[in-house]
Amino acid sequence: MFLDCTSLFLGLLASLVSKNDAIKRKNKSQLPAYKNQTDNFEINEFPFGLSRIETLAGFTNGSLLIGIVGGIYIESIQRLLNPVDLQKTNELLIVSVLGFIVNLVGIFAFNHSHDAHGHSGHSHSHSHSHAQAHVHDHDHDHAHSEGAGENEQAHDHHEEPASHLATNSHAHSEEEENHLSDNMHGILLHILADTLGSAGVIISTIFIKFFNVQILDPITSILIASLILASSFPLLRSSTKNLLLSLSNKQTVFLKNEFFQELMKIDGIKTYSTPRFWPSGINDQTDKLTGYLHVQFYKNYGNNTLALRDSVHGLIKNYENVFEKVYIQFENEMDDFCWCRKNSGIVAQVEQ
């Protein structure tokens, strides 16, 4: 019971913290731009936000479930080796029935709150997340010109068309309605575990009361514990992948077989290196990607990087439904390798 209460408390706390962080970030994003950004620069303790605290809570709840299952196994085996005659089965039956009813109410309330969240909260948050697609450039070509034009190249923001926003946000929110976060998944599993436990006690108590089958109680406990254990593994697998910023197979195939292939077709690009992409949010199957990439161009393009940059921007813009933010560092092939990709072994090149 203590572990169950701890799980529910962690889930509630993580949900509140994540929601509060999202509201703060939204309010900051709506602040007007200042001319002197250095006067308003703020170093955040958590630069990537606290959205994944719900995933961490889901992982913790999955781990607690394994602890609960282990306790049930140990107690059930002890009762198999040392049978105990159950007394006061009437009181036990009443308590278990009341517990079963309470758990059913909890499941109903959980489903109701999740449906309300899916039809309101999700559509709101995703309409905000699709509001902009960013491409950040950093030049290291040592052949650029000075002036206002070059300053504009250093930090570009591209907004998505409004028509695409409406369509993409609607489709995205529909997918999210069917998705249960790791935190909510963990809470649901704990509620289901309690419900199954109450049902098992009811069944075993009835058989013990009328048929005196004492061995059925530990056997039922083992079966229920096995079901809980089997259901906790998907939660642990999902939360671990999200915490490690793992890409789905679909996203990985897209990057390797489509995006990078199209990137290498752009005239003037010699190679790319150090590709790092990760899901922007907590739902790895549906979220847009954030990442950075080094692009090296041939030395004879040193005085014509604007066209090269525009081509790369155009390519990323074509995949605005995939990318949230992409940081690109353009480098002349004559430049020394950046420190961040020395000994990385991640370099792609084509012959021209």
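Where is Lys-288 placed?

Reply: Lys-288 is placed in the loop between β3 and β4. The model is a predicted one, in which local features need pLDDT of at least 70 and side-chain atom pairs count only at pLDDT 80 or more, while totals for chains, interfaces and linings use all residues. Numbering runs from 1 along each chain as its sequence is written, and side-chain values use heavy atoms, with hydrogens and water left out. Helices (H or I, at least four residues) and strands (E, at least two) are DSSP runs numbered from the N terminus.

With a relative accessible area of 3%, Lys-288 is buried. Here buried means under 20% relative accessible area, exposed means over 50%, and partly exposed is in between, with a 1.4 Å probe and protein chains only. The side chain of Lys-288 has a polar atom 2.9 Å from the backbone oxygen of Glu-320. That is a polar contact, defined as a pair of N or O atoms within 3.5 Å; within protein, one must be able to donate a hydrogen and the other to accept it, and residues adjacent in sequence count only if both atoms are side-chain atoms. Lys-288 also has its C-alpha atom 8.5 Å from that of Lys-325, although the two are 37 residues apart along the chain.

β3 (269-279) and β4 (289-297) run antiparallel and are joined by eight bridges. Two strands are taken to pair if DSSP finds at least two bridges between them.

Helix α9 covers residues 305-318, and its 14 residues should span 20 Å at 1.5 Å a residue; the end C-alpha atoms are 20 Å apart, which agrees. The expected span is 1.5 Å times one less than the number of residues. The buried residues of α9 are Thr-305, Leu-308, Arg-309, Val-312, His-313, Leu-315 and Ile-316. Seen down the helix axis, these buried residues fall within an arc of 155°, so they line one face of α9. The arc is that of the directions from the helix axis to the C-beta atoms. As background, an α-helix has 3.6 residues a turn, so residues three or four places apart point the same way. Asp-310 and Asn-318 are exposed, on the face of α9 turned away from its buried side.

The largest one has 27 residues, and the members that touch the most others are Leu-255, Phe-259, Leu-263 and Phe-323. At least two residues of this core come from each of α8 (249-264), β3, β4, α9 and β5 (323-332). The most are given by α8, with six residues. A second, separate core has eight residues, among them Leu-189, Ala-225, Ile-228 and Leu-235.

Leu-247 lies in the loop between α7 (216-243) and α8 and is buried, at 19% relative accessible area. The C-alpha atom of Leu-247 is 8.0 Å from that of Phe-277, 30 residues away along the chain. Leu-245 is placed in the loop between α7 and α8 too; this residue is not a glycine, yet its phi is positive, at about 55°. With 34% relative accessible area, Leu-245 is partly exposed.

Finally, there is the record. An unreviewed UniProt entry lists residues 56-77, 89-110, 187-208 and 215-236 as "transmembrane region". UniProt positions are given in the numbering used here, feature names are shortened, and annotations may be inferred rather than shown by experiment. In the model, residues 187-208 are 100% helix and 0% strand, with end C-alpha atoms 32 Å apart. Residues 215-236 are 95% helix and 0% strand, and their end C-alpha atoms lie 32 Å apart.

How values were computed
Core = buried A, V, L, I, M, F, W, Y, C linked by side-chain atoms within 4.5 Å.
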